[in-house]
Amino acid sequence: MKQEITRLRTVMKEHGLDGYLVPTTDFHGSEYVNDYFKCRQYLSGFTGSNGTLLVTEDDARLWTDSRYFIQAAKQLDGTGISMMQCQQPGVPEIEDYLPTIAGEGFKLGFDGRIVSFQNGEKYAASCEVVYDLDLVDEIWENRPAIKASKIYALPDAVTGEKATFKLSRVQKTLAEDGIDYHLITSLEDIAWLFNLRGDDVADTPVFFAFALITSNDARLYILDETFDKELVPAGVIVLPYLQVFEDLKGLASGKCLLNKRLVSYSLMQSIPETVEVVNGAGPIELMKAIKNSVEIAATRHAHIKDGAAMANFIYWLKKNAGKMEITEVSASEYLKQCRYAQDGLIELSFETMAGYGVNAASIHYDTQLGHPCYLKDEGLLLVDSGGQYIDGGTTDITRTISLGTLTREMQEHYTMVLQAYLALEHAQFTAETTGRELDQLPREKVKAAGSCYQYDTGHGVGHILSVHEGPRMIGPTDNHILPGMITSNEPGIYIEGSHGVRIESELLCVENPDGSRSFECITMCPLDRAAILPELLTDEELTWVNAYHREVYQKLAPLLEEDIKRWLAEETKEITR
């Protein structure tokens, strides 16, 4: 049993609690969090980006999604914490599990500032909730401090639209919809709206803030006490970060638009009963998702630089694997150096995930798990990585790289994943086509391997913001893909105990002259020709691979040194049967 769990149970008893719940988020419902908010990781030892821990007097359980099943099983082993596999047959969600253990008088505690109102409401339906307790703070010695970073403005040459105009568009929508107040808690939405960025969350250039918008004014609540008010449009009122709780209490009657999935349980308690709450994502989510021409041009530019970094990395990897000591960790570090050698990199867009051999079967493998795995001149290395570029955008790319001898099965699986990847990229669709329908196209191609990936094929990507951006795109959703949206395309095959294959690029949705829609690949990085079985590809698929490789060489070669340029020419030369 982990001593942190034991200590938590001691303070639970002191507060008269039967259970305590710890999610993985911050005051804003963020996916990636500042070290101060890594409470679930501190208690459980599980380092994945998604998970909720429930501790009772004699039991502890952690819910996580399919990306982390293998990782969680390893990291929770021996801790006394059971893993609950989300969305798997026979596994109840937390709100369904609570009624099975909550007898009369059961008290569940949580820090209401980091539990969404949507979830808090579900928990409160089956037991009494106590939402004003941060018990982790009582036991976490030397907890990292929460500090404000310096906020800076993005130039118009990168955003393509002034904050004044963005704010006007949002206020116009609120007025048309009869909304009196719009409470924004999403850090990405606030950063986009005001064309500002910061460094309060690792790998996502945002800053801690809340915003309250009406049809004729705007309030920005920020943690950075040194903030230059000249960076926001005239008339925007800049206030202390936590004053939002008091200001909400003073709202006059009217309609308040907010997202219950992101707004915290505690923040909702500040809103008077005379205010009608309207639940919804708000207008910014869609405005932000549809990139303008300037954002698209900047993102294309970022992908060329990112592709050059990847080419330098893959060249080094193939040249040295099996000849010098390289681990998944040192390979990730070398790729990081390649990215930082590119002009304008702010930071990585997430921690690089590199899995070699059997480790690649773990969808989001954590290189810090267990002992370092040394790379040999054989097998496959799966590398999922990305960067944030100040003059460009946010990148997310996965390449599965052959390091030498491959089995026939590995090549077959790589080729199947490539065909699945091409099935989505080649899709022609209409305004009525849903993400659910598009998601089925690549899945059909990997069924023969008997290992259908259990995640959405594609997620939205922000513009110098979060690498995972709403609305939900290519997955079990009825949302539509609109021109200007950028989505990932990342099918995979994962064979536990053997290997994993994933290919991921970013796709831009474009409108064709006839009104139909299609995708354009904006990621520039070669596929692994040694892993492709050309005899399994159709003529159309082979033609696309060769055309793509010609474009990759044309765009990346000017940024590469001569020896790497020669290697890239070989990697991208025509593939024939």
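Tutor: Two strands pair if DSSP finds at least two bridges between them, and strands (E, at least two residues) and helices (H or I, at least four) are DSSP runs numbered from the N terminus. This is a predicted model, in which local features need pLDDT of at least 70 and side-chain atom pairs count only at pLDDT 80 or more, while totals for chains, interfaces and linings use all residues. Residues are numbered from 1 along each chain as its sequence is written, and side-chain values use heavy atoms, with hydrogens and water left out.

Student: How do you know that S26 and S27 pair?

Tutor: Strand S26 and strand S27 (residues 517-521) are joined by five bridges in the antiparallel sense, and the definition asks for at least two, so they count as paired.

Student: Which strand do four bridges join to S26?

Tutor: That is strand S23 (residues 486-489), which runs antiparallel to S26, and here Thr487 has Leu507 of S26 as its bridge partner.

Student: Why is S26 called largely enclosed?

Tutor: Buried means under 20% relative accessible area (exposed is over 50%, partly exposed in between, with a 1.4 Å probe and protein chains only). Five of the seven residues of S26 (505-511) are buried, and therefore the strand is largely enclosed by the rest of the structure.

Student: What do the buried residues of H1 pack against?

Tutor: Glu4, Ile5, Leu8, Arg9, Val11 and Met12 are the buried residues of H1, and their packing partners include strand S1 (19-22), helix H2 (39-44) and helix H6 (135-139), where contact means heavy atoms within 4.5 Å.

Student: What makes S16 and S19 edge strands?

Tutor: The open sheet of three strands has the order S16-S17-S19 with antiparallel pairing, and strand S16 (353-356) and strand S19 (397-402) each pair on one side only. S16 pairs with S17 (residues 380-385) over four bridges, and Ala354 has Val383 of S17 as its bridge partner.
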